[in-house]
Each structure stands twice: as structure tokens, then as C-alpha cells.
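Open the model in your viewer and keep the selection panel at hand. The stops below say what to select next and what is there.

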Amino acid sequence: MTGPSGRFTLGGTLPDAQSLTGATSSLRLSCQELSTHLGVSPQELYFVGDGPLAHTLALAGLPAGPRQVSAIERVELLAQASETLPVSPRGHLLESATEASTYSLGWVNGEIGSTQEIDSWAARIHQSEGLLHSDLSYGLGVLPAPTGWDLASIDARAFGGPTLGILAIKSRTRWSDPLPTLSPRYRQLHVDERLIVEAAAALGAYESLAKKHYERISEFNRDLRAKCAEVAHIDVAGDPAGIPHIITFSVLYAQGEELVRAFAREGFVVASGSACMSTNLEPSHVLVATGRLTHGNVRLIVPYDEPADSLARFIEVLPRIVEGVRQA
Amino acid sequence: MSTPALEIDTSGLRCPLPVLALARRILEVPIGETIAMTSDDPAAGPDVHAWARMTGHTFLAEEESGNGKRFLVRRETTQDLTSGLPEGF
């Protein structure tokens, strides 16, 4: 399905926020599926145009006060930080989080794959009467979702869904609508109904694929890390215990753009967090915050159904590509 | 801090060229001595740190310098990590 063709209006009547009785059965079912994944009730879900907007609104709707954001979060969250919290080289939060403040800490980092212990952080944060926001985009469908957070934002594209932002706001959380039309009464008006249905279907499909191929992709992750250690001077970011399908590494003395092109010539689509690949010539803030080499960076987000021979070939061509680009 | 044995300016060069220049030119400095590199590449700071960690040299300090920064690194090892790489620096 392609993007929204227009606004969803439920045949001219507004949905009843509490029961979704005005909604079609497929929409109701989809909201239920999504809420089950997130461990909330359908009434605690809100849908907006895209992931970045969901991240923005999540923090913007909380009561005024300090916002402590981990240094590897999305820029939409860091832009609202009163304080940026440092992380370890493997991407784990270092602070003890003992203030009655709002914390924003993502579950799985979309760039380096490191995972945070969200539930144990939530317990600590709640003990000091703080509040936890979590970006849950990248672990959904792969790992059992944490539940201790107070509000969460999700980019549906992370699990192969459409351009859609999802907000999950626990009813206990004091959050008020930063946009006049985001109240429960109007909440579906921001997006096309079909996108919500499509997102739920995508998450279901992604979950079955991830379940089926998790071990295989984990093995690829281990093999790729081992190969990177074998080829001299490759700095692998993230955490070997992180989510298996997100792997980022930097090749010393190589240019990120050249690496991306070289992999493309072999049929592999990879991204890069190097400055030469960014519009503002700044390197990825995630690589900087974790102290990684920023040039020669390659970022892989591996589909769980990527064929075995293609994964094997990636590892096989890696040394040759690295050598070629370093000497180019 | 003692005066650097060698001072290089990589202003105008973008990643990975500043670090590549540093890797080449540090070989002109005796082990235990310091090289200073000036760069206006926003990626140079994190990269010089990471490069020193990966190659075993010691990152000593960084300071503001004109439009960019000046980095001080002490040479620790004899290995020539740049052999086989393009000429030009």
C-alpha cells in the first residue's frame, strides 16, 4: 500500500475515543494488535504522521521541567534536552538517573543496535519520582517489549511498516496535547486509517520473520564481527549483545561514501553515518557519543529474511572492498 | 607541555584525509615525541580520538584554533600502519 491519499474521517462521524465504536472492525483489530505488542490498552495509543513527529510530540506534551536525554537518541529528542546524558562505548547509559526529572532513553538504538534495560531504568527512575520516555521503534517484533516506561514513541518504518508515528501514553502519565487536534476525540484524524491497519499487519509479519530467522541473523552478526576483527583496523560500534540485525562498523583510512558505492556495486544497500554522507557535513552523533571512528562508516540493517547466500557473500566481499577503497 | 616535534595543518581536508595525514606524518616524529595537527573538519575531533585508541598512540589534548581545533598526539609505536595507502601527504 502506498501513502495516505487523504484524511480519514470515518464517514463524517468522529470515533468514540474510549471504545473506538465508530471505527471499522479492521481498524479496531489493528489498534488492538498494536496495543498488545506494546502492553497498553488501545485507548492509550495515538497516531501521527510519522515517527519523528511522534518523538517530538512525546516530550513536548509532558509538563514543563528538565528533560534528560541519552546522547544517542534521535535528534528530535535531543533537540528538547535540557541535559544530554553520556553513554558507554557500547552505547549504554552511564548516569544513575536519580533525579525527579523526565528521562528519554531508547530501547534499541537504530544506528548501532545496542539495547538498554528499559524496565530496570524505569524502576530506578520511578523510585526518584522521575518519568521515562522510550523510543521503542527498533526492538518491536524482535524482542519482548519492555513495559515499565510511562510513554513511548515509535516509527512504524522500523518494522517495515508505513510512514506512521505511534504514541503510546499510559493513562497514568500527565501528558497534554501539544497540538490542538491530538486529543483522543480527534486522534485518528491525523492519519489515514489504512496506515494503522498496514502498520499492524507489517508488525505481525515482521515478528514472524524475526522469530524464524533470529538465530540465523545472530550468527551473521557474530561472523561479521569476527571478519571485521580479522581485517585490520575496523572499528565495530555497538554491543555484541545488542539486537542482531543492526550492525555498524568504521573502516580506518576509508571514505564512507566510497564504501557505500563499493558495496552498492556488489548489490548491497548500506547506509553510512560518516560526515561525507550527511547533509550538514557533521558525523553521526551516535558514533561521536560512543567514541567511534566516524569516517569510513557503514551501517547495515539486515532484513530477517535476507537469503543465506547473500549474507555469506557480504562477509566474503568485505575484505576485498575494504582493501579496494583504502587504496582507491 | 613540551613543544611538538612536528606541526601540521590539514585545514580544508575532510574525512578521512586529516587522520590519514596524521598517520603518515607521525612517522617523522621520534617515539615519545608529540605531533600537533590543526583541522577544521567537524569530524576530526572524534576521529583523532578513535584513531589513537585503535593504533596505540596517546591523545594528549585538543584546543580551539581559528576555525577548527588543534590536536596533540604522542607517538607510541613503531608500526607503519599506512603502508600500502595512497601517497600525497
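Begin with strand S4 (residues 102-104) and strand S5 (residues 131-135) of chain A, which pair in the parallel sense over 3 bridges. Strands count as paired if DSSP finds at least two bridges between them; helices (H or I, at least four residues) and strands (E, at least two) are DSSP runs, numbered from the N terminus. Within this pair, Thr102(A) is opposite Leu131(A) of S5(A).

This is a predicted model, in which local features need pLDDT of at least 70 and side-chain atom pairs count only at pLDDT 80 or more, while totals for chains, interfaces and linings use all residues. Residues are numbered from 1 along each chain as its sequence is written, with chains lettered from A and ligands numbered from 1 in the order in which they are written.

Next, select helix H1 (residues 25-38) and helix H5 (residues 193-230) of chain A: they pack at an angle of about 45°, with their axes 9 Å apart. Axes are lines fitted to C-alpha atoms, for helices over the stretch in contact, and angles run from 0 to 180 degrees between N-to-C directions. H1(A) and H5(A) are therefore oblique to each other (under 35 degrees is roughly parallel, over 145 roughly antiparallel, 65 to 115 roughly perpendicular, and the rest oblique).

Move to strand S9 (residues 246-251) of chain A. 6 of its 6 residues are buried, so S9(A) is largely enclosed by the rest of the structure; buried means that 20 or more other C-beta atoms, placed from the backbone, lie within 10 Å of the residue's own. Show the side chains: Ile246(A), Thr248(A) and Ser250(A) point one way, and Ile247(A), Phe249(A) and Val251(A) the other.

Strand S8 (residues 234-236) of chain A runs antiparallel to S9(A), joined by 3 bridges, and Asp235(A) stands opposite Ser250(A). Strand S10 (residues 297-301) of chain A also pairs with S9(A) in the antiparallel sense, over 5 bridges; here Ile301(A) is the bridge partner of Ile246(A).

Finally, show chain B, of which 17 residues are in contact with 22 residues of chain A (contact: C-beta atoms, placed from the backbone, within 7 Å). Helix H1 (17-25) and helix H2 (44-55) of chain B each supply at least two residues of the side that touches chain A, and H2(B) gives the most, with 6 residues.

Technical notes: Contact = placed C-beta atoms within 7 Å. Buried ≥ 20, exposed ≤ 12 C-beta atoms within 10 Å, placed from the backbone.
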